[in-house]
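The following paragraphs lead through the packing and pairing of one protein model. Please keep the sequence and the coordinates in view while reading.

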Amino acid sequence: MNRDLLCENVSVSKDGQHLCFAGMDTTDLARQYGTPLYLMDEDRIRACCRAYLTAVHDAFGDSARVMYASKASSFKRMYEIMREEGMGVDVVSVGELYTAFKAGFPLSNAYFHSNNKTDEDIAFAMEHGIGYFVVDNEEELYAVEREAAARGITQSVLLRITPGIDPHTFEAVSTGKVDSKFGFAIDTGAAEDILQKAMVQPHLSVKGLHCHVGSQVFDSEVFLLTADVMLQFIADMKVRHGFVTELFDIGGGFGVRYLPSDPVLDLHGCMAEIGAFMKQKAAALGIDLPAVAFEPGRSIVADAGMTLYTVGNVKCIPEFINYVSIDGGMTDNVRYALYGAPYTLFQANAMNKPHDMTCTVVGRCCESGDIIQPDVKLPATIERGDLVGVLTTGAYHYSMASNYNRLTRPPIVMLSGGDSYVAVRRETIDDLIALYQK
Ligand code: LLP
């Protein structure tokens, strides 16, 4: 059967029956580790990091950085891999920051995001030697200044700027992004205002500017438009305030394949195009191109992950709908419930069978919105005990998992070089009651 399996790390066993991931038979992995089960292909994660680093260095030179947006998938082993691959990271909470710290990640190479960092967060991050705060609002600017002053240090910061680009229509909108909860809009004058305020803070060193316009973007045009607006702002700030932007972080957002109809991103080509555009634009504006940073999350880890489930029951309501219930659900994958996100699914233990029954794959939460995916094709013979594999679940799955209905979260099993190991163990029902004080 000639199927598009989305990514080169997905294949079918020689006898045509079983879904394989990172060269390993998923039915063996399900037997060994149980289900529901998150699998992560460590070799693919490393390959994605290397592809990014090569692409940005080729396009922008040695000063370019790649900061993994660790909200996509945050656990200790992940930060070790990022450290080993020479990546920076972005963290958005002290939880992510502390996990990175515990993994021995050098926090001098980390950015701290979030639109609401508490005084405690700020102190904790400084205590642990965070490299950069990405300042999101005016109150935060002064809070970071106060904490740096109390410690007698100079803290590096970036300012989060809202360039007013809508990634889905590709239009530069003059007002559309003014209502964003993140950052300072250029259009309203807020960005220029905060830059002037930041520049005079005695304990802050404003290294540059940050922006992030969206996610699951395939078209480099979005980044060109963003760069166009941001470089113009950078040039204006140099002329008007003598501010030299050393570092320009253009955010993350590159798309990945959830469906066969999704395009394959030519990362190297995309970066080359963005690099050429930025160099030309900077030259036209008479400024030096700052060091450029990218902040990919999804495109580093999404197709390095998949989820395996066991079928519990199949409920056919003739002329209406067929339900296939699996042993996980919105607790380990909330993305359909939250965003209507699409997925590619297979019966992992019967890849040779025609997937010819239209069905809705649902989880086991007491909620009808607990849907992994509606209207997918699985074999009509699928039954209790069979395995369902969902592809492209490495980003925003484990990191968005919950204990709704007091369900336990799956383990993360890493695959590398034909071996597997547990990076995050399966939660137990005792973990669920461990916090209760009474
Ligand atoms: N930088 C910033 C400041 C961000 O807010 C994000 C994502 C990224 C980088 C990484 O973007 P990526 O390369 O992963 O697209 N939960 C949603 C995605 C939310 C993304 C939020 N910000 C999902 O499951 O699709």
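Which residues of the largest nonpolar core touch the most other members? The model is a predicted one, in which local features need pLDDT of at least 70 and side-chain atom pairs count only at pLDDT 80 or more, while totals for chains, interfaces and linings use all residues. Residues are numbered from 1 along each chain as its sequence is written, and side-chain values use heavy atoms, with hydrogens and water left out.

A nonpolar core is here a set of buried Ala, Val, Leu, Ile, Met, Phe, Trp, Tyr and Cys residues joined through side-chain atoms within 4.5 Å. Buried means under 20% relative accessible area, exposed over 50%, and partly exposed in between, with a 1.4 Å probe and protein chains only. The largest such core holds 106 residues, and those touching the most other members are Ile45, Phe60, Met82, Phe133, Leu159, Met271 and Phe294. Helix α8 (residues 220-241) supplies the largest share of this core, 10 residues; helices (H or I, at least four residues) and strands (E, at least two) are DSSP runs numbered from the N terminus. The core also draws at least three residues from each of domain 1 (10-41 + 303-432) and domain 2 (113-296), with bounds that come from an automatic or database domain assignment.

Ile45 illustrates the packing. Leaving aside residues up to four places away in sequence, Ile45 touches Met40, Met78, Ile81, Met82, Ile300, Val301, Ala304 and Met414, where contact means heavy atoms within 4.5 Å. A second, separate core of 21 residues includes Tyr33, Leu39, Leu308 and Ala348.

Rings of Phe, Tyr and Trp (its six-membered ring) pair if their centres lie within 6.5 Å; planes under 30 degrees apart count as stacked, over 60 as edge-to-face and the rest as tilted. By this rule there are 12 aromatic pairs. Tyr98 and Phe124 form an edge-to-face pair, 5.9 Å centre to centre with 70 degrees between the planes. Because Tyr98 lies in helix α4 (residues 94-102) and Phe124 in helix α5 (residues 119-127), this pair ties together parts that are 26 residues apart in sequence. Tyr98 is partly exposed at a relative accessible area of 37%, and Phe124 is partly exposed at 27%.

Phe112 and Phe133 form a tilted pair, 5.8 Å centre to centre and with 45 degrees between the planes. Phe112 belongs to strand β7 (residues 110-112) and Phe133 to strand β8 (residues 132-135), so the pair links parts 21 residues apart in sequence. Phe112 is buried at 1% relative accessibility, and Phe133 is buried at 0%. The charged end of Lys117 sits over the ring of Phe112, 5.6 Å from its centre; this requires NZ of Lys or CZ of Arg within 6 Å of the ring centre and within 35 degrees of the ring normal.

Helix α5 contains the buried residues Asp121, Ile122, Ala123, Ala125 and Met126. The buried residues of α5 pack against α4, β7, β8, α6 (138-151) and β9 (155-162). Just after α5, Gly129 takes a positive phi of about 75 degrees.

Two strands pair if DSSP finds at least two bridges between them. Strands β22 (residues 412-416) and β23 (residues 419-424) are antiparallel and joined by five bridges, with Val424 in β23 as the bridge partner of Ile412. The two strands β22 and β23 form a hairpin with two residues between them, and Gly417 in the turn has a positive phi of about 55 degrees.
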